[in-house]
Amino acid sequence: MNDSGFRLIDSADLPWLIPTRAKLLGSDHRHHSLLVSGPPAIGKNLLGLDLATQMLCEQSGEGGACGSCRSCHLVSNSVHPDLHLLIPEVLTEECPPVLLSHAQRYLDSGQPSQKRKRSNSISVDGARLLSESLLETSRLGGRKVALVLAADALNRNAANAMLKVLEEPAGETQFILVTSFPYRLPSTIHSRCIRIDCAAPDVDDALAWLRGRHDTDSESLSTLLVSGLGPITIDELLSNGGVRDISALVTYCMRENPKAPDSLTLAKLCGEVGIDRALRILQTLTLQAVRESVVEGTVAAPQGLFRNLGFCICAFQRLGSARENVGSAVDEQLALEDICAWVCDEYARV
Ligand SMILES: [Zn+2]
């Protein structure tokens with residue numbers, strides 16, 4: 001499952017997005033192609049959707065869409081003919097039902113099955129179809145808005161298929177591309193967009209927001225935030241279960257001066273979280289340790305499994321490769337045990 005941060009929460013309630021939201025929603029002179037980027041699971045998709053809804057709204061103000069006009073009703077019923085939503089198929093798992101039909105028209109037909117997993121990328125067919133639709137005149141006589149979520153999922157051909165409409169959009173067309181990984185997008189897309197960066201949430205803001213929504217103590221929430229999964233994903237997990245496994249993994253890795261980390265225990269804890277998510281959490285922990293050592297010039301060495309600078313840099317790379325390879329491994333469990341054994345051996349060696 002992707003940590004897309006795609007739930008029905010009002011982006012106006014996310015304190016860390018307030019400055020970007022005000023900038024985006026308050027501007028009358030926007031570039032026709034916006035690239036909204038920032039860390040995963042902080043609410044960028046919601047912000048993109050709010051912006052799209054505002055642009056289509058018949059009586060919008062600086063605070064956003066009115067929520068009551070014909071256009072706003074069409075968006076909330078997922079039938080607005082001028083809202084074009086392009087997403088990778090995998091995001092449909094967590095796409096709110098009210099948006100599914102907006103996305104459906106650009107997705108490959110055919111139901112996913114055990115043999116065919118939902119695709120992680122945006123297909124060239126979907127991108128071509130979107131480009132053709134945007135050449136048509138607006139159905140309601142106003143703007144057309146193309147919202148592309150997880151835009152980094154555009155493969156090269158799909159990105160190429162969109163270049164012309166991005167460069168010279170027909171009529172009053174607005175593009176909003178949203179991504180957590182802008183560096184994965186080709187430079188041809190970057191050069192056609194104005195980039196808007198959303199700041200990472202302040203820990204106190206994220207903590208206060210989560211505390212306002214869940215009856216969970218601050219210490220537990222802080223442990224969860226250390227995982228780097230982002231407040232929106234943590235909120236989702238707190239509502240639907242799964243936080244205990246994440247807390248257990250983070251706690252195991254952050255124990256003070258662990259004497260002898262056990263690779264099978266680490267692999268078991270990772271397996272319970274889910275392999276891709278667990279490797280991402282381990283990568284986040286290495287990155288945080290590096291940041292504490294180098295960027296912030298902390299005198300005391302960071303605690304826990306990832307405490308040696310050289311080891312952390314090396315582990316970050318190894319974990320990244322493992323994440324890329326684990327999906328194609330014949331035996332994912334074996335691949336996981338392999339990387340956990342490497343982490344524990346290296347920790348003992350340095
Ligand atoms: Zn409205």
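For these notes I take a nonpolar core to be a set of buried Ala, Val, Leu, Ile, Met, Phe, Trp, Tyr and Cys residues joined through C-beta atoms within 7 Å, where buried means that 20 or more other C-beta atoms lie within 10 Å of a residue's own, exposed means 12 or fewer, partly exposed is in between, and C-beta atoms are placed from the backbone. The model is predicted, and I kept to its limits: local features need pLDDT of at least 70, side-chain atom pairs count only at pLDDT 80 or more, and totals for chains, interfaces and linings use all residues. Residues are numbered from 1 along each chain as its sequence is written.

**Core.** I looked up the largest nonpolar core, which has 95 residues, and found that A52, L86, L147, I176, L177, L249 and C270 touch the most other members. This core draws at least three residues from each of domain 1 (11-197) and domain 2 (242-349), with bounds from an automatic or database domain assignment. I noted that the C-alpha centres of the two domains lie 34 Å apart.

**L147 and its strand.** I then placed L147 in strand β3 (residues 144-148); strands (E, at least two residues) and helices (H or I, at least four) are DSSP runs numbered from the N terminus. L147 is buried because 26 other C-beta atoms lie within 10 Å. Five of the five residues of β3 are buried, so the strand is largely enclosed by the rest of the structure. K144, A146 and V148 point one way from β3, while V145 and L147 point the other way.

**Pairing.** Two strands pair if DSSP finds at least two bridges between them. I found four bridges joining β3 to strand β2 (residues 83-86), in parallel, with H84 as the bridge partner of A146. On β4 (residues 173-179) I found five bridges to β3, again parallel, and L147 stands opposite I176. The chain crosses from β3 through helix α6 (residues 156-167) to β4 in a right-handed β-α-β crossover, that is, with the strands pointing away from the viewer, the path from the first strand over the helix to the second runs clockwise.

**Contacts.** I listed contacts (C-beta atoms, placed from the backbone, within 7 Å), leaving out neighbours up to four places away in sequence: L147 touches G48, L49, A52, L83, H84, L85 and I176. For I176, with the neighbours within four places set aside, I listed L34, V36, G48, L51, A52, V145 and L147.

Definitions and conventions: Two residues are in contact if their C-beta atoms, placed from the backbone, lie within 7 Å.
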